[in-house]
Amino acid sequence: MVEGPGATRNGRKVQVAVGKSFVATPRAPDIGSIHEEVNASNETAPPTLPHHLAGELASHKLEDAFTVGKELFFIFTLGASVTEVALRLHFGMNGSLNARKVKSSDLRKRPSGVAPWKQKNEPSLRLYFIDESRSGFGGASNYVIVEAWDTTVTFPVSVQNSRNKLMDLTSRDACSTLFNAQDVFTAIRQSGNNLIISDALLNQDIFPGVGNIIKIESLHKSKIDPRKIVSSLTDAELRRIIRHSRKYSMDWLKSGRAGNKLVYNQTVCGTCQGMTVKMQKIGGSSSDGNNNVSGKGHAFMSRVTFWCTVCQPRNASGEDDGLLKIPSDPSNLGNMIGEGNSSSKAAKTTDRPTAQCPQHGLKSLKLCRVRKGNQNTLRIFFTCKLKGCQYFAWADNQFSNCRCGKKAVLRVSKTERSGGKWFLCCALGDKSMKSNIPNGCGHFEWTKDEHLAPIRSMLTPLL
């Protein structure tokens, strides 16, 4: 998930191309002037992507590149004129960007630091820039290649609106060097006072750069239930949330990795060590006061959210009415999200996976899900964490078959009433499948202990 820190780091990478001229498709190796780019061997570099940018950006120079929250903007100028055009990137869930300097002889080399599976796919964006100050007649040209994968590319966008967004939101950007906590506090009170705090933090016009992980962990650190309405929070509570959001964002920005996750995608609270983590898809409250924690209002704001019902009580008294209760008897935990984390030795022994890597043992075992679109999509399997090991074994042999004759797939509920409960269903009915059958064959059953025992110790909610 690309949040503000990731987008900001991508914006910093692109600075190497600022001030350089765009070229449609350089050739390697080039001979003659830098604009002719004649290729003696007739071997061209991969084309500019999206293809229409080759003509749209001809003779343009990258004048500026800046990040606002989760968005990255490129500002281009045409020659010596003041005419400007802008391009916008949004990295979504899995987007990434690579910017690198290369010589004309190395244009076809694969970039380093990019996952091999991404390099096999065509990027969403590929732009070439030439460093005219370091290129000469008869010599190899120096280029900068900017590539982005799994990224939404929008062109053209308003240059004025892009610059206005930078000016208006910089002081509230979670990763900005000009960050001002008072500006964020004022914006939340003025524009988000009737929202649930979960939505107010994710609103990019209020607090740009904050994503779901930052939201979840900062609310946990602040001991605030994500369903609370902003107007019910004291000034001290709201300032505490802003402070933790900023700190988590900056730590992530500096290290390049998300910080310690105490409740996000967890089954046991990292603070109180209790099996009290609740999972639910919430959000979608509206600014007119019609709050809807189930996400039925503004659906684009609805996110799977985790919180600890003990560390983040809904009421100041510590009572947590309206939440899914965790049974006090461990034997009745059933399908709850925290069921695989009982501290009893008996449970740990029972829940040992039946499979193990024959070469590297049980500790190297990893639970994964098939994501590629084929007949086994959404099934779960064991593999080895160690690089180069080819171990594979299905982890769903204990699951029943659906009426389609295929293995039922394991999913987790995200609703208010049953959030965190595991169930088995037909893969064809899953929302992630491109199927014309809404519910597949209709198979559905709540999981039982025998279904989860072999995988419980490795199970995570967002598997």
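**Helix and strand packing**

Author: Happy to! Contact means heavy atoms within 4.5 Å, and buried means under 20% relative accessible area with a 1.4 Å probe, protein chains only. Helices (H or I, at least four residues) and strands (E, at least two) are DSSP runs numbered from the N terminus.

Reader: Before we go on, what kind of model is this?

Author: This is a predicted model, where local features need pLDDT of at least 70, side-chain atom pairs count only at pLDDT 80 or more, and totals for chains, interfaces and linings use all residues. Residues are numbered from 1 along each chain as its sequence is written, and side-chain values use heavy atoms, with hydrogens and water left out.

Reader: Switching to β8, how many of its residues are buried?

Author: Six of the six residues in β8 (125-130) are buried. L125, L127 and F129 point one way, while R126, Y128 and I130 point the other.

Reader: Nice. Which strands does β8 pair with?

Author: β8 pairs antiparallel with β1 (21-23) over three bridges, and six bridges join β8 to β9 (142-149), also antiparallel. Pairing takes at least two DSSP bridges between the strands. I130 is the bridge partner of S21, and L125 stands opposite A148 in β9.

Technical notes:
Buried means under 20% relative accessible area, exposed over 50%, partly exposed in between (1.4 Å probe, protein chains only).
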